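This report describes one protein model for a reader who has not seen it before. Please look over the sequence and the structure before reading on.

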Amino acid sequence: MRGTVKHRKLIALTVFLAIIVFFACATPEERAREAIVAGETALASGNRDQAIQHFAEATKLAPELADGWTQLAETQLAGEHWSKAIESAEKAAQLEPSSADHHETIGKAAVELEDWNRARDAYNKAFDLDGERSKLTYE
């Protein structure tokens with residue numbers, strides 16, 4: 001029995017050390033992707049504020065990663081943080097200039113802020129990028 005307990009402790013210590021080494025060796029982009037997954041998990045469990053924190057962490061770890069900005073913008077939009085959603089969506093749009101989704105997010109937030117010119121410009125840009133969108137919807 002004693003050998004079994006020692007063996008389990010050794011396995012636990014090995015796993016613990018492997019986790020530490022992984023996090024120490026992970027690139028900022030890998031850690032950012034982990035933060036995005038954590039944000040998606042928080043969002044799925046209904047914790048929008050925690051999701052925003054994880055997505056914001058991802059943008060700090062890898063500001064060149066559009067996925068972090070996209071998730072942050074969409075979650076901020078859903079949380080009615082209109083100005084912040086615009087800022088995040090604009091950063092995502094700079095990183096992925098061919099994506100209409102970012103401009104649509106800007107348009108939705110601008111409508112909520114009653115910034116009609118900005119909303120029109122954002123929706124026009126989204127339509128220009130994705131002409132197959134016969135109708136941009138506001139939900």
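In what follows, a residue is called buried when its relative accessible area is under 20%, exposed when it is over 50%, and partly exposed in between. The model is predicted.

## Overall make-up

The protein chain holds 7 helices and 0 strands. Read along the sequence, its pattern is α-α-α-α-α-α-α. Of the 139 residues in the protein chain, 35% are buried.

The protein chain exposes about 9000 Å². Carbon and sulfur atoms supply 55% of that area. Among contacts between residues at least 6 apart in sequence, 47% join residues at least 24 apart.

## Nonpolar cores

The largest nonpolar core has 13 residues, and those that touch the most other members are A32, I36, F55, A58, L65 and L72. Helices α2 (28–44), α3 and α4 (66–78) are the elements that give two or more residues to this core. Apart from it lies another core, of 11 residues, which includes A73, L77, W82 and I106.

L65, one of the core residues named above, touches E29, A32, R33, I36 and L95, leaving out residues up to four places away in sequence. A32 can also be placed relative to K60: their C-alpha atoms are 8.0 Å apart, although the two residues are separated by 28 residues along the chain. K60 lies in helix α3, which covers residues 48–61. With a relative accessible area of 70%, over the 50% limit, K60 is exposed.

## Salt bridges

Side chains of opposite charge can pair when their charged atoms come close. In this model the count comes to 5 salt bridges.

One of them joins E29 and R33, whose closest N and O atoms are 3.1 Å apart. Both residues lie in helix α2, 4 residues apart, or about one turn of the helix. An α-helix has 3.6 residues a turn, so residues three or four places apart point the same way. E29 has a relative accessibility of 34% and counts as partly exposed; R33, at 37%, is partly exposed as well. E29 and R33 are also linked with D67 in a network of salt bridges.

Which residue forms a salt bridge with E90? The partner is R118, and the closest N and O atoms of the pair are 2.5 Å apart. This pair links distant parts of the chain, with E90 in helix α5 (residues 82–95) and R118 in helix α7 (residues 116–129), 28 residues apart. E90 has a relative accessibility of 30%, so it counts as partly exposed. R118, at 33%, falls between the limits of 20% and 50% and therefore counts as partly exposed.

Helix α6 spans residues 100–112. At 1.5 Å a residue, its 13 residues should span 18 Å, and its end C-alpha atoms are 19 Å apart, which agrees. Because 10 of its 13 residues are buried, α6 is largely enclosed by the rest of the structure. The buried residues are A100, H102, H103, E104, T105, I106, G107, K108, A109 and A110. These buried residues pack against α4, α5 and α7.

K108 and E104 are separated by about one helical turn because they are 4 residues apart in helix α6.

The two ends of the helix can be described too. At the start of α6, a side-chain oxygen of S99 reaches to within 3.4 Å of the backbone nitrogen of D101. Just after α6, E114 takes a positive phi of about 60 degrees.

S88 lies in helix α5. Its relative accessibility is 4%, so S88 counts as buried. Leaving aside neighbours within four places in sequence, S88 is in contact with W69, L72, A73 and Q76.

Notes: Residues numbered from 1 in each chain as written. Predicted model: local features only at pLDDT ≥ 70, side-chain atom pairs only at ≥ 80, totals over all residues. Heavy atoms only, no water. Buried < 20%, exposed > 50% of the residue type's maximum accessible area, 1.4 Å probe, protein only. Core = buried A, V, L, I, M, F, W, Y, C linked by side-chain atoms within 4.5 Å. Contact = heavy atoms within 4.5 Å. Areas by Shrake-Rupley, 256 points an atom, 1.4 Å probe, with all protein chains shown as cover. Salt bridge = Lys/Arg side-chain N within 4 Å of Asp/Glu carboxyl O. Expected span 1.5 Å × (residues − 1). Polar contact = N/O pair within 3.5 Å; in protein donor to acceptor, adjacent residues only side chain to side chain.
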